[in-house]
Structure formats: C-alpha cells, structure tokens
Amino acid sequence: VLAYLREHVRVRGIRVAPPASPTEQMLQLSLDSLKEVHPAVRRLHVEVLALLFYAHHQLPESPIVPSILQHLTGDAAADNVAVRSGVALLCGAVLRTFAWASRQLNG
C-alpha cells in the first residue's frame, strides 16, 4: 500500500486521486489503527494516512482530508497514550510527506 501510494504521488502528483473504493478502505483501516498498541504498526498506518492526506489535499470534492482532520481533532484530547502518539506521529508524517513530495515533483 505504501509503495503504491508513493508511486502514485511521484507519478501523478495531486492531479488525480487514487481509486475511491480502495482509498476509503485504506483510510478506515489506517484511522482505526492509530489506536494500535504496537508502535511499528501504528507508524505504518500513519505513513499511509500522510500519503492519503497529500494525494487528496487539493481535491475539493474529496472527503479524505476532512475525515483525517475530524479524526485528529477527536483523538487529540484522548487519554490513551497510543492515540496521542499516533496523532503526533501523523502530524510529523504529513509535514515530511509534503517535503518529500515537493522534492519528487519539482526536482
């Protein structure tokens, strides 16, 4: 999934979103996995969410970015350490993804 999303961003950039049905499945699975106890699994899903966020951030009809942001705002106040860790990881991953994608698309 990560390799597919990275290649999609590298080749198509932000002009075209990945197919809707698999994207929705990836989104729900990854959002649910932000609560994962195992840090490596949580990190994997954070990377998927960051790539989905980037691939959809300039597509006004896409529900992906609003769904991620809504989930983040709901989880930010959670008492669960794993959830707060997932939110923090996602914020950093989104920033790294934007930096990586701008290098891929511009250079």
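Author: Happy to! Let us start with a term: a residue is buried under 20% relative accessible area, exposed over 50%, and partly exposed in between. Please keep in mind that this is a predicted model.

Reader: Thanks! With those cut-offs, is Gln28 buried, exposed or partly exposed?

Author: Gln28 lies in helix H2. Its relative accessible area is 35%. Values between 20% and 50% fall in the middle class, so Gln28 is partly exposed.

Reader: How far apart in space are Gln28 and Asn80, C-alpha to C-alpha?

Author: Along the sequence, Gln28 and Asn80 are 52 residues apart. In space, their C-alpha atoms are separated by 19 Å.

Reader: What about the loop between H2 and H3: how far is His38 from Ala82 in space, C-alpha to C-alpha?

Author: His38 is found in that loop, between H2 and H3. With a relative accessible area of 49%, His38 is partly exposed. His38 and Ala82 are 44 residues apart in sequence, and their C-alpha atoms are apart in space by 8.5 Å.

Reader: Which residues does His71 touch, not counting residues up to four places away in sequence?

Author: His71 has its place in helix H4 (residues 64–75). Leaving out residues up to four places away in sequence, His71 touches Leu31, Leu34 and Lys35.

Reader: Now the rings, please. How many aromatic pairs are found, and what kind of pair do Phe53 and Phe98 make?

Author: A search of the whole structure finds two aromatic pairs. In the pair of Phe53 and Phe98, the ring centres are 6.2 Å apart and the planes stand at 65 degrees. Planes over 60 degrees apart count as edge-to-face, so the pair of Phe53 and Phe98 is edge-to-face.

Reader: How many residues apart in sequence are the parts that Phe53 and Phe98 tie together?

Author: Phe53 is buried, at a relative accessible area of 13%, while Phe98 is partly exposed at 28%. Phe53 lies in helix H3 and Phe98 in helix H5 (residues 81–106), so the pair ties together parts whose separation in sequence, in residues, is 45.

Reader: Which residues form the aromatic cluster?

Author: Besides the pair above, the rings of Tyr54 and Phe98 have centres 4.9 Å apart and planes at 80 degrees, so this pair is edge-to-face. Tyr54 lies in H3 and Phe98 in H5, so parts 44 residues apart in sequence are tied together. Tyr54 counts as buried, at 5% relative accessibility. The one aromatic cluster is formed by Phe53, Tyr54 and Phe98.

Reader: Which residues does Thr97 contact, leaving aside its neighbours within four places in sequence?

Author: Thr97 is found in helix H5. At 5% relative accessibility, Thr97 counts as buried. Leaving aside those neighbours, its contacts are Ala50, Leu51 and Tyr54.

Reader: What is the handedness of the crossing of H3 and H5?

Author: H3 and H5 pack with their axes 8 Å apart, at an angle of about 45 degrees, and are therefore oblique to each other. The contact of H3 with H5 divides into 15 nonpolar, three polar and four charged residues. The crossing of H3 and H5 is right-handed.

Reader: One last one: what separates the C-alpha atoms of Ala55 and Val9?

Author: Ala55 is found in helix H3 and is buried, with a relative accessible area of 0%. Ala55 and Val9 are 46 residues apart along the chain, and their C-alpha atoms are separated by 6.3 Å.

Methods:
Residues are numbered from 1 along each chain as its sequence is written. This is a predicted model: local features need pLDDT of at least 70, side-chain atom pairs count only at pLDDT 80 or more; totals for chains, interfaces and linings use all residues. Side-chain values use heavy atoms; hydrogens and water are left out. Rings of Phe, Tyr and Trp (its six-membered ring) pair if their centres lie within 6.5 Å; planes under 30 degrees apart count as stacked, over 60 as edge-to-face and the rest as tilted. Helices (H or I, at least four residues) and strands (E, at least two) are DSSP runs, numbered from the N terminus. Buried means under 20% relative accessible area, exposed over 50%, partly exposed in between (1.4 Å probe, protein chains only). Contact means heavy atoms within 4.5 Å. Axes are lines fitted to C-alpha atoms, for helices over the stretch in contact, and angles run from 0 to 180 degrees between N-to-C directions. Angles under 35 degrees count as roughly parallel, over 145 as roughly antiparallel, 65 to 115 as roughly perpendicular and the rest as oblique. A crossing is left-handed if the near helix is turned anticlockwise from the far one by less than a right angle, and right-handed if clockwise. Ala, Val, Leu, Ile, Met, Phe, Trp, Tyr, Cys and Pro count as nonpolar, Asp, Glu, Lys and Arg as charged, and the others, Gly among them, as polar.
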